Amino acid sequence: MDSIVLQIFRIGLLLLLWFFVFMAVRAMYKDVRLAAGVQTSAPAAARRAAVVPGRREAAKQLTVVDGPLKGSHMSVGSLEEVVMGRSPECDFQLGDDFASGRHARLFRRGSDWFVEDLDSRNGTFVDGGRIDQPERVGVGSDIKVGRTTVRLVP
């Protein structure tokens, strides 16, 4: 009798372990699809498209609008590139534990500004949508790096 109960317990434990493996693989699959842009949210994409063309003012400052260093700012009018992150070697240092050492790069091409994720662990978001390639940002676009939100302002 004891051997039957022990055998049923072993089979139940094995089924439970396989269930957890299945759930972990399913979660990773969803994350990969989301990172690849298969399930991009239409409202976030529409906001990004609406912000860039309509606002052609020149950005003069990069300002932290939400996060640990709220209110910090940096003049970007004469710069071509700004690296943001937690590391002291970054141009714009963020006091955010959720930001990578070198998290994102903001760079200018002509009169347009672009932001790209530097293979950060938590990703970079522009107006609520995660980016996986350089994305054009305009004045007023929210760039989320870790728990910090920065914005280009005129």
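Let's start with a word that comes up again and again here: a residue is called buried when its relative accessible area is under 20%, exposed when that area is over 50%, and partly exposed in between, using a 1.4 Å probe and counting protein chains only. Arg108, for instance, has a relative accessible area of 14%, so Arg108 is buried.

What you have above is a predicted model, so local features need pLDDT of at least 70 and side-chain atom pairs count only at pLDDT 80 or more, while totals for chains, interfaces and linings use all residues. Residues are numbered from 1 along each chain as its sequence is written, and side-chain values use heavy atoms, with hydrogens and water left out.

Now for the overall layout. The chain has two helices and eleven strands; these are DSSP runs numbered from the N terminus, with helices (H or I) of at least four residues and strands (E) of at least two. Of the 154 residues in the chain, 33% are buried.

Begin the tour at helix α1, which covers residues 2-35 and includes Leu13. An unreviewed UniProt entry lists residues 6-25 as "transmembrane region"; UniProt positions are given in the numbering used here, feature names are shortened, and such annotations may be inferred rather than shown by experiment. In the model, residues 6-25 are 100% helix and 0% strand, with 29 Å between the end C-alpha atoms.

Leu13 has 42% relative accessibility, so Leu13 counts as partly exposed. Phe19 also counts as partly exposed, because its relative accessibility is 46%.

Next, the rings. The structure holds two aromatic pairs. Phe19 and Phe20 make a tilted pair, because their ring centres are 6.0 Å apart and their planes meet at 55 degrees. Phe107 and Phe114 form a stacked pair, with 5.7 Å from centre to centre and 20 degrees between the planes. The rule is that rings of Phe, Tyr and Trp (its six-membered ring) pair if their centres lie within 6.5 Å, with planes under 30 degrees apart called stacked, over 60 edge-to-face, and the rest tilted.

Stay with Phe107 for a moment. Its relative accessible area is 6%, so Phe107 is buried. Arg105 lies over the face of Phe107, at 4.1 Å from the ring centre. A charge sits over a ring if NZ of Lys or CZ of Arg is within 6 Å of the ring centre and within 35 degrees of the ring normal.

Arg105 bridges to Glu116, with the closest N and O atoms 2.7 Å apart. That pair links strand β5, where Arg105 sits, to strand β6, where Glu116 sits, eleven residues apart. Both Arg105 and Glu116 are buried, and together with Glu81 they are linked in a network of salt bridges.

Here's where Arg108 comes back: its side chain meets that of Glu80 in a salt bridge (3.7 Å, N to O). Glu80 lies in the loop between β2 and β3 and Arg108 in strand β5, so the pair ties together parts that are 28 residues apart in sequence. Asp96 and Arg147 form another salt bridge, at 3.6 Å between the closest N and O atoms. Those two are 51 residues apart, with Asp96 in the loop between β4 and β5 and Arg147 in the loop between β10 and β11. Asp96 counts as buried because its relative accessibility is 0%, whereas Arg147, at 43%, counts as partly exposed.

How values were computed:
A salt bridge is a side-chain nitrogen of Lys or Arg within 4 Å of a carboxyl oxygen of Asp or Glu.
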